[in-house]
Amino acid sequence: MTTQPPRIDLRSDTFTMPSPAMREAMFRAPVGDDVFGEDPTVNALEALAAERLGKEAALFVTSGTQGNLVSLLSHCGRGDEAIMGDQAHTFHYEQGGSAALGGIHPRIIPTRNDGSLRLEEIEAAIRLDDPHFPVTRLVLLENTHNRAGGTCLTPAYTDSVAALAHNHGLALHIDGARIFNAAVAQGVDVQALVRQADSVTFCLSKGLAAPVGSLVCGSADFIHKARRARKVLGGGMRQAGIIAAAGIVALNEMVERLAEDHVNARRLADSIATLPGIAIDLDLVQTNIFYFDLDHPRWTAHMLVDALHQREVGVLPTGPNRIRVVTHYGIETAHIDEAITVFGELLQ
Ligand code: TLP
């Protein structure tokens with residue numbers, strides 16, 4: 001099997017490389033000790049992120065996983081409950097960190113195909129004040145939704161979940177790892193997608209192409225708590241301006257171009273959906289991620305992934321017959337053409 005990373009790497013937008021402007025900014029960044037609040041570049045990135053998302057304050061964290069974890073730890077105490085979807089990244093892919101490290105009890109309700117949670121199901125999951133039960137503190141949404149296929153939640157839907165949560169005295173956290181994809185795809189200001197949320201995590205190191213880092217945004221009080229949680233998790237990073245500098249470039253230069261990734265994903269999905277043995281729900285192809293199911297006499301997902309890899313196309317198996325494809329910075333129209341040809345030759 002090929003061990004080199006595939007040249008046309010559609011496994012994840014986490015494989016993006018920093019742009020030349022990012023490397024230049026990293027080289028020149030003024031830095032200081034961020035645990036003492038003295039790194040001017042981190043401070044500038046946090047101020048920019050807070051302003052972009054329309055929140056009072058922001059915190060630079062190592063990863064999306066750490067951003068979600070510090071948020072959960074800041075909203076909930078031990079034994080408290082957080083309502084989230086059964087397909088949420090926080091439930092599937094974060095090692096159950098909030099339970100392992102924070103004693104937070106996840107209350108799981110079904111994720112719909114479009115990544116949303118049904119309002120009635122959220123409401124029904126909220127606990128009564130009864131000594132038998134944990135105390136519900138938080139509702140968590142994910143936008144775009146990874147396992148639903150990069151689907152977008154709308155401002156109206158998000159507002160309605162926030163209103164429900166707030167009416168019951170709960171907070172709303174948004175795992176917005178790809179919130180800018182959701183904003184660009186819907187043609188709305190990112191602030192509209194988070195305006196009623198109490199906290200939001202977004203990632204610099206996915207479609208925005210920075211090498212490292214995510215931000216948590218919220219009220220000044222919330223970010224004060226989150227900063228303490230980050231420190232206890234070992235996330236105080238000292239001269240972190242070196243990496244924050246790339247994040248500033250990401251926010252200033254890389255947001256609008258996400259539209260190109262969406263066009264590329266749509267073209268590839270439309271094209272391979274016509275091949276024998278491939279099933280894609282094209283209504284769910286809204287941003288830079290899509291999944292397809294394979295029902296083919298010759299191929300399992302792992303066999304196809306290996307064969308594609310031999311032909312320099314990388315995709316990710318996520319089940320015996322399910323494969324994920326992600327477009328991003330560095331994947332050009334010509335790469336999509338090549339990928340279409342390779343898929344066509346293998347599956348004809
Ligand atoms: N997702 C990664 C993998 O973990 C699956 C990927 O390749 O898509 N929230 C969402 C919605 C995510 O998709 C991810 C990363 C995270 C949080 C965590 O971010 P990191 O990888 O920075 O910890």
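Q: In which strand is V326 found?
A: This is a predicted model, in which local features need pLDDT of at least 70, side-chain atom pairs count only at pLDDT 80 or more, and totals for chains, interfaces and linings use all residues. Residues are numbered from 1 along each chain as its sequence is written, and side-chain values use heavy atoms, with hydrogens and water left out. Strands are DSSP runs of E with at least two residues, and helices are runs of H or I with at least four, both numbered from the N terminus. The run that holds V326 spans residues 322-326 and is strand 13.

Q: Is V326 buried or exposed?
A: Buried means under 20% relative accessible area and exposed over 50%, with partly exposed in between (1.4 Å probe, protein chains only). V326 has a relative accessibility of 0% and therefore counts as buried.

Q: Which residues does V326 touch, not counting residues up to four places away in sequence?
A: Contact means heavy atoms within 4.5 Å. With residues up to four places away in sequence not counted, V326 touches D9, L10, R11, S12, D13, N288 and I289.

Q: How are helix 2 and helix 11 oriented to each other?
A: Axes are lines fitted to C-alpha atoms, for helices over the stretch in contact, and angles run from 0 to 180 degrees between N-to-C directions. The axes of helix 2 (residues 40-53) and helix 11 (residues 241-253) come within 8 Å and cross at roughly 30°. Angles under 35 degrees count as roughly parallel, over 145 as roughly antiparallel, 65 to 115 as roughly perpendicular and the rest as oblique. Helix 2 and helix 11 are therefore roughly parallel.

Q: Why is the pair of F180 and F202 edge-to-face?
A: Rings of Phe, Tyr and Trp (its six-membered ring) pair if their centres lie within 6.5 Å; planes under 30 degrees apart count as stacked, over 60 as edge-to-face and the rest as tilted. The ring centres of F180 and F202 are 5.3 Å apart, and the pair is edge-to-face because the planes stand at 85°.

Q: How many residues apart in sequence are the parts tied together by F292 and F343?
A: F292 and F343 form an edge-to-face aromatic pair, with 5.9 Å centre to centre and 75° between the planes. Both F292 and F343 are buried. F292 lies in strand 10 (residues 289-294) and F343 in helix 14 (residues 333-347), so the pair ties together parts whose separation in sequence is 51 residues.
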